[in-house]
Amino acid sequence: MSRLIIVSNRVAPISEGGPAAGGLAVGVYDALKETGGMWFGWSGDVLASGQPQIQLEERGPVTFATIGLVRRDYDQYYRGFSNATLWPAFHYRADLIQYDRHDFEGYRRVNAWLAQQLVPLLRDDDVIWVHDYHLIPFAQALRAAGVKNRIGFFLHIPFPASQVLLAVPPHRQLVEALCSFDLLGFQTEPDLRAFCDYVVHEAAGECEHPAKNGSSTIRAFGRTLRAAAYPIGVYPDEIAQLAKAGARGKPVRTMKATLHGRKLIMSVDRLDYSKGLVERFRAFERLLDQVPAMRNNVSFVQIAPPTRADMHAYQDIRLQLEGESGRINGRFAELDWTPIRYIHRQYERQVLAALFRESHVGYVTPLRDGMNLVAKEYVSAQDPDDPGVLVLSRFAGAAQELEGALIVNPIDIDGMAEALATALAMPVAERRARYRDMIGRLRENNVSVWRDNFLRDLKRSGEARPAARAK
Ligand code: GDG
């Protein structure tokens, strides 16, 4: 069996039992344990001086290979091109795109350097799976170093419409770099279509879709490769267990006591401008405005742990949100009731799952999101007899699958307020029917299915390569 090599910007922190982060990290780690292999990426350390050295840590059949970044590389590759250019562009925020050609050079330089670090650790029949927008040029860099292995790429975030991608000055180099992979995985069919649209209309390439299921064939930049949508999933039964256990725990029981029987709306997101938090707060305010009976009868808990806090756009959204929650609470709070509990801190997975289970509404309304695992975790955590209702943005990849949610447009504040009112009043029979529909899909398409489908197609994709070389 070929070894699996996972390459991602960050390597999930591993404790004795496996990755602490859960979900995706566990899914990937399970595959690594099965075939043996390596997880390679940045350690998270930023070095003030000196030359970063690769650290190898063996855990049974899996090697964790991590390396630090020097300050300039962190600034250009991570804060710069990855997170100030690609992240806003790929989330349709052309207004927030910052571009500096030195950062793009740094991005390519770091990709090439990371690839050089990996090459001596590779064996001929290793299968390499690269993750996310930080590493778009990685296959090109490996190919330049003579690597002939199969290399796949999964994009966790949306692939933008061509007109938005064109705003990123080196858009053509990025798409050409993507075409150096053997298989491209996107979260949803619309993302795949957006990629094909660029290939056909901006790069004079071809995109051939299969008659039935299966991957599309892309011909562009002198290469032939495959591409398909692989919606990422969760382990729903594991989350349900976690939620049940957590609901018995002290933090959640104490929190529940403070509700005094009021209904609970729950949201959990990294504090990112793509997650639509400001619009979400305003829609909750609109609900209180328009339905006075809701006042003092519903509490909204928003957990939003910090992320990329050294970047301006993230400092801005934090200030804005602090302003909005203060304003809305100032307007509606009573001596015994705070409408919005906004918490800028991380919680344990088990506590989150239990809060999902105890709540009446899961309020997940990103402006754009590749998939949004919180939506899937929310549904998984529910009590089948008395499930909560998911209010979900149409712009989350998850909306393609979770048709049992109340689907909203996060720009439409009135529409979201109405959906909240509908969710809070929904009879149990309808809640159960919606839950059954969604949990069925989540079980069918869990994170193992996502991983196995991608790896199956990656192993097959090698068949397309000889033709590509002949061109
Ligand atoms: C990217 C794409 C895509 C959040 N707060 C805490 C915490 N979390 C966990 C959630 C969930 C994960 O972090 C967030 O995943 P999302 O999918 O919601 O969003 P991104 O971080 O933006 O992820 C996204 C994903 O990649 C996978 O492909 O779905 O579209 O943007 O698992 O539960 N976990 C803990 N404490 C917290 O306070 N323990």
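Let us start with Arg308, which is partly exposed because 17 other C-beta atoms lie within 10 Å of its own, a count between the limits of 12 and 20. This arginine is found in the loop between strand E14 and helix H11, the latter covering residues 312–332. For context, most residues other than glycine have a negative phi.

Which residues does Asn297 contact, leaving aside its neighbours within four places in sequence? They are Arg262 and Lys263. Pro13 lies elsewhere: it is 284 residues from Asn297 along the chain, and the C-alpha atoms of the two are separated by 40 Å.

I now turn to Leu121, in the loop between helix H3 (101–118) and strand E7 (127–131). Leu121 is partly exposed, because it has 14 C-beta neighbours inside 10 Å. Not counting residues up to four places away in sequence, Leu121 touches Met38 and Ala65. Between the C-alpha atoms of Leu121 and Lys376 there are 36 Å, and the two residues are 255 apart along the chain.

Next, a pair of helices. The axes of helix H8, residues 236–247, and helix H12, residues 349–358, come within 7 Å of each other and cross at roughly 85°. Why do we call H8 roughly perpendicular to H12? The crossing angle falls between 65 and 115 degrees, so the pair counts as roughly perpendicular. On the H8 side, the contact is made by Ile239, Leu242, Ala243, Ala245, Gly246 and Ala247. H12 contributes Arg349, Gln350, Val351, Ala353, Ala354, Phe356, Arg357 and Glu358. Taken by type, the residues of this contact divide into nine nonpolar, two polar and three charged.

Let us step back to the whole chain. It is divided into domain 1, residues 4–230, and domain 2, residues 236–444. How far apart are the centres of domain 1 and domain 2? Taken over C-alpha atoms, the separation is 31 Å. Where the domains meet, 14 residues of domain 1 are in contact with 13 residues of domain 2. The side of domain 1 that touches domain 2 consists of five nonpolar, seven polar and two charged residues.

Finally, a word on confidence. The protein chain averages a pLDDT of 94, and 96% of the residues score at least 70. For the complex, the predictor gives an ipTM of 0.99 and a pTM of 0.96. Where should we be careful? Over residues 464–471, pLDDT stays under 50. The model has nine contacts beyond four places in sequence for this stretch. Where pLDDT is low, the predicted coordinates should not be read in detail.

Note on methods:
Residues numbered from 1 in each chain as written. Predicted model: local features only at pLDDT ≥ 70, side-chain atom pairs only at ≥ 80, totals over all residues. pLDDT = per-residue confidence, 0-100. Contact = placed C-beta atoms within 7 Å. Domains from an automatic or database assignment. Nonpolar A, V, L, I, M, F, W, Y, C, P; charged D, E, K, R; others polar. Axes fitted to C-alpha atoms, helices over the stretch in contact; angles between N-to-C directions. Helix = DSSP H or I, 4+ residues; strand = E, 2+ residues; numbered from the N terminus. Parallel < 35°, antiparallel > 145°, perpendicular 65-115°, else oblique.
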